[in-house]
Amino acid sequence: MKKSGQIVHFLFELMKKTIFLLFLLSCYNLLFAQKHLLLPSPKWVAFVNATIHQDTSQVLENATFLIRGDEIVAIGKEVKIPENTQIIDIKGRHIYPSFIDIYTSFGITLPEKQHHQGLQYDVSHQKALATNDALHPERNAYDFFSYDHKQAKELQQQGFGLVVSHVKDGVARGTSSCIALVDKPKQLVLSEATNDYSFSKGHSHQEYPRSLMGMISLLRQSYYDAQWYEENEGKIPENLAWRAWNEQQQLPQIFEANDKLNVLRADEVAQEFNKEYIVKGGGNEYQIADELQKRKITLIEPVNFSLPIDVSDVYEADWVSLKVMKEWEWAPKNLAILSDKDIPFVLTTTGLEKKTQFLPNLQKAISAGVSENVLLDALTQKPANLLGLSEKLGTLEKGKKASFIISEGSPFQKGNVIYENWVLGERNKLLELNSFDIRGEYDFYVEEEKYSLSITGALEKPKFRFFHDSTTLKSVVSYQKPWLNGVTNLIFDSTRIRFSILFDEKSRISKGKLIKSNGEKLSIILENKQVFEEKKEKPVVAKWKTISEMTYPFQAYGYTKLPVQEKVLIKNPTVWTNGEKGILKNTDVLLLNGRVEEIGQNLTIKGAKVIDGTGKHLTTGIIDEHSHIAIYGGVNEATDAVTAQVRIGDVINHEDINIYRQLGGGVTAIQQLHGSANPIGGQSSLIKLRWGSLPNELKIQDVDGFIKFALGENVKQSNWGSKYTVRYPQTRMGVEQVYELVFLEAKEYETQWKTYNSLSKKEKKKVIKPRKDLQLEAVLEIINKKRFITCHSYVQSEILMLMEVAERHGFRVNTFTHVLEGYKVAEQLKKHGAYASTFADWWAYKFEVNDAIPYNGAMLTKAGVVTAINSDFPEPGRRLNIEAAKLVKYGGLSEEEAWKTVTLNPAIMLHLDNRMGKIEIGMDADVVLWSDNPLSIYAQVEQAYIEGVCLYDIEEEKKMQKRIQEERNALIQKMILEKSKGLPTLKPTLKKEIYYHCEDLH
């Protein structure tokens, strides 16, 4: 019994182990089966009878396109198709690579903007990140991404298979992500695709920066800060923002500029830091195509062409500037012009109100001259190359990813629809590829009564017409393959009847049911008697021709061809030399190679352009020491007490019409000053008014640096409202302490660098390298007499205070501008060595100028202070000759002394008197020919030359005015014609010109 029990126990244990093993085996088989169910072998698909556009140059007709899963296996005319392959006959239709848009916000939800009570001057967080809320280098777009099926379909319908999604927020925006327009898991192609920047602070509530020059300065300082962090990493506290910034520098760098001039500004930053930006433009880059060709910038171009403006109202039409009209007409030519200049670009849907406008706008661009191949390249190969994806995408080749579209013909031609968009092997049906064509002429039989049905129109949207004999019957018909459903009237039933017909694709006869209004059911027969034959004619696209001219700048009074330097002999004018020779009558002046070459009587020069100056006056050009024209994006960076790091030279606007207007007033050079919103403002820019030239071409080369200081009500925010009571300083005595503190900081900064630079290489490795500070660098230049102050001032006590501060720190104030109480401290100004740049007769316009008098300029001059008259505002800048004449009336200056206040004296203040301000041999040929004594209210500028180039001519201006009117009239007629075609239009809007003054914060 005992033995038999042991046997039973043994068998029982064996059975348990066997069952357990069987269980494990079954689990394994189940898991194996599930694995293969979840991961089936990739599907083979062959597209036959295809026209395959492998790239811009290789096209195969009647070819086969074979894919397996997400990979292209073979392309050719003799491709062997494996068994069990799905074969799709696309009947001559076209296959193109899917498009790539490298600049979208697809699927991105921007972080909510933080709202703060009052003004925010400091960063909003206490994290180890950047010290400004406009800097987010640590961000990644995929963290803000959610797949948007609706947007995806809209993009697929326009031919896109891949997009790059960006978080468009801030100056430094972090990294974008490359997204395939399919649902997970193939969705994320590149987690970090590009590194992004802009000139927009985005959602940041922090006050700084507020101006465009502030944005540029913040970006420049950030590059230096990131470099400093990299050089000192391990010696200083960890910072996630700067670490991310440095790690991302190997990625493609995208800069959102959104305007032609910002494209150039972005490139200036790129050159400073040895970067190559891919720059998102504004669609107006054709206006500076020659410059872009030199710089070899790669652009991302939008195609959001403006609509024509409704100019039917004769009064509202006057609101529309010639510039706006010309830009509407020329925008479609942008891509053609860039292409002709070999300027590389890719395309984006960004800026379009509706994505459905993309392909139609490309068709318009083709009508304006760009080729289809250029567009295809800009949507496929070029973006793939920029993203580093050219080995897998951008063309159709064996081994590359199966991302392609199937279209009726070229997607860039009107009427050619996209049927399918395959993204990484995933099929997206947009329209029925091989849908049964129901179009044609039919007999419709009901109880032996014959009706007629005509089906015409487009295959995707057919049009239906029921009729009996010649009478059209009211009907509503729809087709949903394979059913034709409708409601109509028939002759035997005055009420509406319903019917449904099942189309038989293999037969000419189809059958269905009809239900009368009383519910009676009848059989119906539809017999095709004539097959629809579509005429495959290539659509005729009208060429988009421009009737307005390309001008420099691209607006009213622009030149059709830039004037050039000439050899000019001006005969017999009265010459105001501003030198020892004084005023010379009936004297000739020769301008050669941009200089005054010869002065004398009865000069004869072979090959010179001769100007008769008899009875006229020739002077040096007027120099405006204090101007705010030709500045873009704000004249004040008003957010901090000290903004010495910002530079007006970064934001020159060469298109400001005031350049031309002031040329017409005899002005040839100006100092562009920062506003007076803070004790220490930004760095100045010295330019000549070379109308038609680009911003950098206006700058006077090899000049000393200048900077704007300010005193008084503005800098302590007296009249800014109750909101602005936070920023230091709020009192005049606080202003002095700002100066003291920043000069001491600058000296300490200099000491740190001197100490560091004195160390050996080995010692430098052990210490923290000082941080480059753009603000303190500029302040230190003042102390070291390399940058010079122009100070906004009114009250004598403050003028004396700043001179004392300067003397304590070992330098002098170069110029006090406005200086309306200067007559009270003229002796002290002369002793200090300061200059005075004032108004002729402005007084009592605010409290701190109550003691101003019109005799100020003359009194300062007689006290031995070099004195100038300035404009500070565009309007007086056009008549500075008259402002100077007031000093003859108020104070009794001689005509020569008065004239020097707008010519030689400002040249002295700006350290330009070695080449400007006089008519002497060797000086710059910046001269103005007047019809009369330049101090006369009757004097007109007849010609203005800058370095021998005639940039204003009163006779040429008359021709310009005629051309402007002709262009306006022609463009108005063109817009009216566009409206008559039923095209949408925009309502005119009245836009005021932006004039900057010292105090302006906009």
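Lys-688 and Asp-926 form a salt bridge, and their closest N and O atoms are 2.8 Å apart. Please keep in mind that this is a predicted model. The two residues sit in distant parts of the chain: Lys-688 is in strand β38, residues 685-688, while Asp-926 is in the loop between α24 (904-909) and β44 (927-930), and 238 residues separate them.

Glu-947 has a relative accessibility of 21%, so it counts as partly exposed.

In total, the structure holds 55 salt bridges. Another one pairs Asp-169 with Arg-139, where the closest N and O atoms are 2.8 Å apart. Asp-169 lies in the loop between β7 and β8 (172-175), and Arg-139 in the loop between β6 (99-104) and α2 (149-157), so the bridge ties together parts that are 30 residues apart in sequence. Both residues are buried.

Strand β7 brings me to Phe-160, which is in that strand, residues 160-165. Phe-160 counts as buried because its relative accessibility is 0%. What does Phe-160 contact, leaving aside its neighbours within four places in sequence? The contacts are Phe-99, Ile-100, Asp-101, Leu-155, Leu-181, Thr-349, Phe-358, Leu-379 and Asn-421. As for Ile-497, it is 337 residues from Phe-160 in sequence, and the C-alpha to C-alpha distance is 44 Å.

Now a pair of helices. Two packed helices are described by the angle and the distance between their axes. Helix α15 covers residues 732-757 and helix α18 covers residues 796-808; their axes come within 11 Å and cross at roughly 15°. With angles under 35 degrees counting as roughly parallel, α15 and α18 are therefore roughly parallel to each other. The crossing is right-handed. On the α15 side, the contact is made by Arg-732, Glu-736, Tyr-739, Glu-740 and Phe-743. On the α18 side, Glu-798, Met-801, Leu-802, Val-805 and Arg-808 make it. By class, this contact of α15 with α18 has five nonpolar residues, five charged residues and no polar ones.

Note on methods:
Residues are numbered from 1 along each chain as its sequence is written. This is a predicted model: local features need pLDDT of at least 70, side-chain atom pairs count only at pLDDT 80 or more; totals for chains, interfaces and linings use all residues. Side-chain values use heavy atoms; hydrogens and water are left out. Axes are lines fitted to C-alpha atoms, for helices over the stretch in contact, and angles run from 0 to 180 degrees between N-to-C directions. Helices (H or I, at least four residues) and strands (E, at least two) are DSSP runs, numbered from the N terminus. Angles under 35 degrees count as roughly parallel, over 145 as roughly antiparallel, 65 to 115 as roughly perpendicular and the rest as oblique. A crossing is left-handed if the near helix is turned anticlockwise from the far one by less than a right angle, and right-handed if clockwise. Contact means heavy atoms within 4.5 Å. Ala, Val, Leu, Ile, Met, Phe, Trp, Tyr, Cys and Pro count as nonpolar, Asp, Glu, Lys and Arg as charged, and the others, Gly among them, as polar. Buried means under 20% relative accessible area, exposed over 50%, partly exposed in between (1.4 Å probe, protein chains only). A salt bridge is a side-chain nitrogen of Lys or Arg within 4 Å of a carboxyl oxygen of Asp or Glu.
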